[in-house]
Amino acid sequence: MLVFYNRLLGRAYVALIAPFHRMVVRTSPDRAHKRGWPGDSGHPAAAPSRQV
């Protein structure tokens, strides 16, 4: 993602959020892989409801 910040408040916001954003981005693929993504996660796919 590309972020443009032109003012001091924008730069302060990015400086505050960036470390947490990097941490989430780095751990997300590992967590997804541990849960079995992509592929079968062990949960049945949501099937359309059957009405009798």
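Helices (H or I, at least four residues) and strands (E, at least two) are DSSP runs, numbered from the N terminus. This model is predicted: local features need pLDDT of at least 70, side-chain atom pairs count only at pLDDT 80 or more, and totals for chains, interfaces and linings use all residues. Residues are numbered from 1 along each chain as its sequence is written, and side-chain values use heavy atoms, without hydrogens and water.

The chain has one helix and zero strands. Helix 1 covers residues 8-34. Its expected span is 1.5 Å times one less than its number of residues.

| Helix 1 feature | Value |
|---|---|
| Length | 27 residues |
| Reach, first C-alpha to last | 40 Å |
| Bend at Ile-17 | about 40 degrees |

The bend is the angle between axes fitted to the seven residues ending at a residue and the seven starting there. Just after helix 1, Gly-36 has a positive phi of about 95 degrees.

Now the surface. Of the chain's 52 residues, 2% count as buried (under 20% relative accessible area; exposed is over 50%, partly exposed in between; 1.4 Å probe, protein chains only). Tyr-13 lies in helix 1. Tyr-13 counts as exposed because its relative accessibility is 52%. The accessible surface of the chain (Shrake-Rupley method, 1.4 Å probe) comes to about 5700 Å². Carbon and sulfur atoms hold 61% of that surface.
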